Amino acid sequence: MNPDIIKPHTPNIQLTEFLTASIQATKEIITLLDSKDNTLFIKHTQGVGGDISIGADLECQRIFIKHLSHLADIDSEENGMISSPKPTDSLIILDPLDGSDNFLSRIPYYGASVALCDKQGNCKEAVVINFCTKTLIARSNDILFTLDLNNPKPMPLIHTKNPKCGIFEKAYSNPSIANLLFAHHLKFRSLGASALSISMAYEVSFMLFVGKIRHYDSKAGLFLAQGLHINHNEDFLLISKDKQIFDTITQLLTQSKD
């Protein structure tokens, strides 16, 4: 066995109604997106989250609503608040297609972010899905796990001990910070799907988003990242499992503001 691989104890993982419904929606969405139907690439109006919605955004939202609306009201990046057909004390924060530009550009890094919360916004369960790899990362009943849709048995998350690089979303609009990271030998990639990248925080050396991140992109991911080092404020979101890297980048970000 590779000594750099950490394999945690395997608990008995039971899928809840929320996770089962999310997986059912995911399977339907993957089939749809894989079809590359022309209507998926048509631009529509601006969504509540601020971006221009495309057909794929709206179709992913429709499918998630179909599978999840009986469980909770839904706050979606595309249409905002969508009421459940029955009384509920829960709210789902949904980004139905994280990485729409990647999808438009045929770059295989896009997915969805789904967080089940109470009406005060406290997260109870969450899942971030990668539509391209057909995998998901979820936290439920205080257990963090991953699931491969081709082999749907939940497994505890396995991650590398010494990753070689981090993720810096929005690096293209923050060249001075990118240069600081480079000068301190902190390698990174900018992948273009913030929710997916937050869910990767256990895998990489750090995840950095500079700017104000939307709750549609961050709600589920931050719930998954519990136990890691997190600095979340109006200016940036930084997550790392490595305290030294976390402190170094925090200091660099502070210096960049001076």
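Two strands pair if DSSP finds at least two bridges between them. This is a predicted model in which local features need pLDDT of at least 70 and side-chain atom pairs count only at pLDDT 80 or more, while totals for chains, interfaces and linings use all residues. Residues are numbered from 1 along each chain as its sequence is written, and side-chain values use heavy atoms, with hydrogens and water left out.

View 1. Strands (E, at least two residues) and helices (H or I, at least four) are DSSP runs, numbered from the N terminus. Strands β4 and β5 run antiparallel and are joined by three bridges; within β5, M81 is the bridge partner of D75. These strands belong to an open sheet of eight strands, ordered β5-β4-β6-β7-β8-β9-β10-β11, with mixed pairing. Because β5 (80–82) and β11 (151–156) stand at the edges with a single partner strand each, one side of each has no neighbour in the sheet. From one strand to the next, the twist averages 20 degrees. Strands of a sheet pair through backbone hydrogen bonds, either parallel or antiparallel.

**View 2. Helix α6 across the sheet.** Contact means heavy atoms within 4.5 Å. Axes are lines fitted to C-alpha atoms, for helices over the stretch in contact, and angles run from 0 to 180 degrees between N-to-C directions. Helix α6 (residues 215–224) lies across β4, β5, β6, β7, β8, β9 (135–140) and β10 (143–148), and runs at about 105 degrees to β8. Eight of the ten residues of α6 are buried (under 20% relative accessible area, with exposed meaning over 50% and partly exposed in between; 1.4 Å probe, protein chains only). Among the buried residues of α6 are Y216, L222 and F223.

View 3. Since K66 lies in helix α2 (residues 55–68) and E28 in helix α1 (residues 17–34), the pair ties together parts that are 38 residues apart in sequence. K66 is partly exposed at 46% relative accessible area, and E28 is also partly exposed, at 26%.

**View 4. A salt bridge from strand to loop.** The side chains of D73 and K119 meet in a salt bridge at 3.2 Å, N to O. This pair links distant parts of the chain, 46 residues apart: D73 is in strand β4 (residues 73–76), and K119 is in the loop between β7 (111–118) and β8 (123–130). D73 is buried, with a relative accessible area of 13%, whereas K119 is partly exposed at 40%.

**View 5. The interface of the two domains.** Domain bounds, which come from an automatic or database domain assignment, divide the chain into domain 1 (17–156) and domain 2 (166–256). Their C-alpha centres lie 22 Å apart, and 34 residues of domain 1 are in contact with 22 residues of domain 2. Buried area is the accessible area (1.4 Å probe) that two parts lose on being put together, summed over both; here it is about 2,100 Å², 63% of it on carbon and sulfur atoms. Y109, V128 and R139 lose the most area on the domain 1 side, together 30% of what that side buries. Across this interface the rule finds one salt bridge.

Notes:
Salt bridge = Lys/Arg side-chain N within 4 Å of Asp/Glu carboxyl O.
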